[in-house]
Amino acid sequence: MRRYGDTDIFPTPFEFDSIAAAWPWLRDELGNRDLATYALGPSQRFLVPKPNGGFRPAVQLDPIDSIVFLAMIYEALPQLEAARVPADRRIACSYRIDVAPDGRLFREDNGWPDFQERSRELITNGAVTHVVMADISDFYNSIYHHRLENSLATAGVSEVRRKDCITFINQLTATQSTRIPVGPFASIILAEACMTDVDNMLLRKGYVHTRYVDDFRIFCTSRREAWRAMHDLSEYLYSAHRLNLEASKSRIITAQVFADRELVDPEDLDQAQRDEIVAALLAGIQHAGPYGNGEAELDEETLDEATRQGVADLFETCVSERPLQLGLARYLLRKAARLRTHVLVDLVFANLPTLTPVLRDVARYVKAAMRKQFSPVHHQSLLQFLTASDVSDLPFVQLWAVEIMRTVPAVRDDATLISLCERYVATLGLRPAALAALTLQREDWVRGRKETWRSSAEWDRRAILEAGRILPADERKHWLGYVEGVSTGLDRAVAQSAAA
């Protein structure tokens, strides 16, 4: 979790570093807990904006709970993966398990290329005339716990572990029998487990399909077959899982319309754009006039520049379309972050409200791409987004905008950061202010809360302790040594790490 985080939505908690340092004794402490009576710590919940309007509630678990939840599921990974349709058939494409020594759980591409490539193969079959496009309505929030337990049982997960898992989730849903939390990686694995029998039902009835999470594509040889497939899928989802298809996203389209509209892949767009740019550059070289010999070759630096320009052009198109294509936006931001190219920076800061659903990827990109030299223009764009945009009142926006300002020196103004953190105490608590004090080396802020740290909420309290690492050595060790002696669990681990 230190490397990949605990969700793909929120900032990675610093507590995972403290947990790693304290693992020898913390592991024993956790090992003595009974999962049947395990009590969750406080989680953080935010409403994350969707590209086409509305919100999805997402949860960030207490870091210890995040580890426990994933550990329960990790234990059953071989059984859950084995129960799915084999990966090489490219039917259940999303989030195939591929555990790596560095902590990765899933294949790096998360299965999207397989989903697209299999769709291309199927649509080129001359017998296919229509495609059923089906999407489950409010998928994660509609999963019934007892049907989830049935899915785990079918995969061969032990009864004890099934009960532990459901007991854990019930605490997050206030004992309601529906919903699994959006955010934790363990939830992704559970959601996939729930779809295994749906894939098998479609195969048993003879349909040809592929799926990415709750996005089904069924390839049919007539409109009549397509209607029957849509009916059978709807009927089974409701009768077996009490799930419904999203009417606005589920439809039957012709094979030609599907090929034209649905098979545009970010990788292909990127390569096509690069090829086009390289071709234009070559044409320019070959027609350079009497002083050019027409035989020059593009060096690697020029090719890299072509790639960067291709990414920029695609991104400009992406942010101009509505609704925002999440997959394409994430792909381009992640590729630009890997390239550490500055070419998207202006576009990103000019389109922050549009990019609100992908703020985690925005943050990762600007951290990777921006130099440390202060940029007044980009600072002002971020401040405008945070204080005067249509979405500036949203806590999720406040969380990420403050995080970006704190962690990216190019857009950080110390006085503004402190002022914003203080303004958002009512919605975000003291945690952003404590982490800002740590970043800015504000010893006075920490001293002002040393006597009252216990009265703060858990997420805030740990951040105050973490900020204590900036105090002079004697003062730090005296205070945090005391905290370590009177604390257990995560408080103790953070105090121990900060005092070192």
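Analyst: In helix H16, the residues His 378, His 379, Leu 382, Leu 383, Phe 385 and Leu 386 are buried, where buried means under 20% relative accessible area, exposed means over 50% and partly exposed lies in between, with a 1.4 Å probe and protein chains only. The model is a predicted one, in which local features need pLDDT of at least 70 and side-chain atom pairs count only at pLDDT 80 or more, while totals for chains, interfaces and linings use all residues. Residues are numbered from 1 along each chain as its sequence is written, and side-chain values use heavy atoms, leaving out hydrogens and water.

The face of H16 that is turned away from the buried side carries the exposed residues Pro 376 and Val 377. The cover over the buried residues of H16 includes helix H14 (345-350), helix H15 (359-369), helix H17 (395-407) and helix H18 (414-423), where contact means heavy atoms within 4.5 Å. Helices (H or I, at least four residues) and strands (E, at least two) are DSSP runs numbered from the N terminus. The length of H16 can be checked too, because twelve residues (376-387) at 1.5 Å a residue should span 16 Å, and the end C-alpha atoms are 16 Å apart, which agrees; the expected span is 1.5 Å times one less than the number of residues.

The buried residues of H7 are Arg 161, Arg 162, Asp 164, Cys 165, Ile 166, Phe 168, Ile 169 and Leu 172, and they pack against helix H2 (63-75), helix H6 (145-154) and helix H8 (185-204). Just after H7, Ala 174 takes a positive phi of about 55 degrees.

H2 also holds Ser 66, which counts as buried at 5% relative accessibility. Leaving aside residues up to four places away in sequence, Ser 66 touches Met 1, Asp 6, Phe 16 and Leu 61.

Four strands form an open sheet in the order E4-E5-E3-E6, with antiparallel pairing, and two strands pair if DSSP finds at least two bridges between them. Its edge strands, each pairing on one side only, are E4 (208-212) and E6 (251-254). Strand E3 (130-135) pairs with E6 in the antiparallel sense over four bridges, and within this pairing His 130 has Thr 254 of E6 as its bridge partner. H8 lies across E4 and strand E5 (215-220), running at about 170 degrees to E4, while helix H9 (223-241) packs on the sheet, touches E3, E5 and E6, and makes about 20 degrees with the direction of E3. Such angles run from 0 to 180 degrees between N-to-C directions, and the axes are lines fitted to C-alpha atoms, for helices over the stretch in contact.

In the loop between E4 and E5 lies Val 213, with phi near 55 degrees, a positive value in a residue other than glycine. Val 213 is buried, with a relative accessible area of 16%.
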